[in-house]
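Student: I would like to learn how to read contacts that involve aromatic rings. Can we work through an example together?

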Amino acid sequence: MNRKIKFLLLFILSLLRRMLFLPHMYDPMKENKYDDERFFRQYSQMRRSREGLQAAGEWHELQKLLPDFRGKRVLDLGCGFGWHCRYAVEQGALSVTGIDLSEKMLEVARTRHTSPRITYLRMAVEDFEYAPETFDIVISSLTLHYVEPFQELCRQIHTCLTPGGCFVFSVEHPVFTAYGSQNWYYDTEGNILHWPVDSYFTEGKRTANFLGEQVGKYHKTLTTYLSGLLKNGFVITDLIEPQPDLKLLQEVEGMQDELRRPMMLLVAARKAGDASPCTR
């Protein structure tokens with residue numbers, strides 16, 4: 001066999017092996033708005049991006065759902081700037097794996113929130129290798145509305161959790177994502193009239209206007225979120241439609257309008273088993 005052809009075949013075989021045995025590798029074909037220079041610059045200026053968890057309107061409620069991290073192995077799906085990874089370590093987590101599709105996000109995370117107990121990986125949450133019983137806690141903040149196959153993801157998360165393991169996540173509320181544009185209706189003078197809700201039961205991709213850019217997200221009904229958990233063996237332990245923190249309501253312009261419709265949904269669930277890492 002020609003030497004060049006043999007080398008080419010070996011190279012192709014090597015690539016195939018990597019594709020077969022490393023399904024968690026970064027996939028450049030997946031939509032990744034957060035590595036767009038202009039969008040990332042605007043996102044980085046948001047108060048929650050600059051100041052962290054205390055500046056997030058839902059944090060005062062999400063924190064209540066989080067379990068005891070002491071001595072636990074934690075997986076953060078869509079870790080972003082790494083704020084939740086840092087929090088888990090500060091609360092005594094044994095190890096934290098944070099995954100995100102955005103290299104720009106991870107660059108910030110590795111700079112701001114570095115620790116020998118935190119490992120950051122670049123990949124889509126759908127591509128992670130959810131090995132059986134490798135984590136005690138899985139968390140995800142405002143990521144899963146970017147992911148289409150929720151029920152399959154629930155199955156994989158259930159697999160990777162130890163018995164009694166905890167899954168806590170936040171997503172954009174189905175009322176917020178249903179219509180798709182994610183903007184208020186205004187009158188001719190620029191006053192807010194109402195929030196549009198339409199096509200609620202038609203699940204699928206929406207194109208939202210976020211920070212002046214067109215961003216793809218996936219609308220799911222409340223039934224899809226809850227049944228995805230229940231059908232895959234989870235016990236739902238809590239559910240919150242958070243109102244903004246009182247301090248932010250008083251300080252942040254326009255935050256009062258967030259009381260007119262739910263923006264987020266917070267869910268805590270547990271895998272059946274004898275252990276109980278979901279209990280503080």
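Student: Where does the charged end of Lys-217 sit?

Tutor: This is a predicted model. In it, the charged end of Lys-217 lies over the ring of Phe-210, 4.9 Å from the ring centre. Arg-261 gives another case: its charged end sits over the ring of Trp-195, 4.3 Å from the centre.

Student: How is a pair of aromatic rings described?

Tutor: By the distance of the centres and the angle of the planes. This structure holds 13 aromatic pairs. Take Phe-169 and Tyr-225: the centres are 6.3 Å apart and the planes stand at 40 degrees, so the pair is tilted.

Student: Which parts does that pair tie together?

Tutor: Phe-169 belongs to strand 5 (residues 161-172) and Tyr-225 to helix 9 (residues 222-230), so the contact joins parts 56 residues apart in sequence. Both Phe-169 and Tyr-225 are buried. They also belong to one aromatic cluster with Phe-150, Phe-167 and Phe-234.

Student: Why does the pair of Phe-176 and Trp-195 count as stacked?

Tutor: Look at the angle. The planes of Phe-176 and Trp-195 are at 10 degrees, with centres 4.8 Å apart, so the pair is stacked. The cut-off for stacking is under 30 degrees. Phe-176 is in helix 8 (residues 174-177), while Trp-195 is in the loop between strand 7 (192-194) and strand 8 (204-210), 19 residues apart. Phe-176 and Trp-195 are both buried.

Student: How many residues of helix 5 are buried?

Tutor: Six of the eight in helix 5 (residues 83-90). Among them are Trp-83, Tyr-87 and Val-89. Just after helix 5, Gly-92 adopts a positive phi of about 100 degrees.

Technical notes:
Residues numbered from 1 in each chain as written. Predicted model: local features only at pLDDT ≥ 70, side-chain atom pairs only at ≥ 80, totals over all residues. Heavy atoms only, no water. Buried < 20%, exposed > 50% of the residue type's maximum accessible area, 1.4 Å probe, protein only. Helix = DSSP H or I, 4+ residues; strand = E, 2+ residues; numbered from the N terminus. Phe/Tyr/Trp six-rings, centres within 6.5 Å; stacked < 30°, edge-to-face > 60°. Lys NZ or Arg CZ within 6 Å of the ring centre and 35° of its normal.
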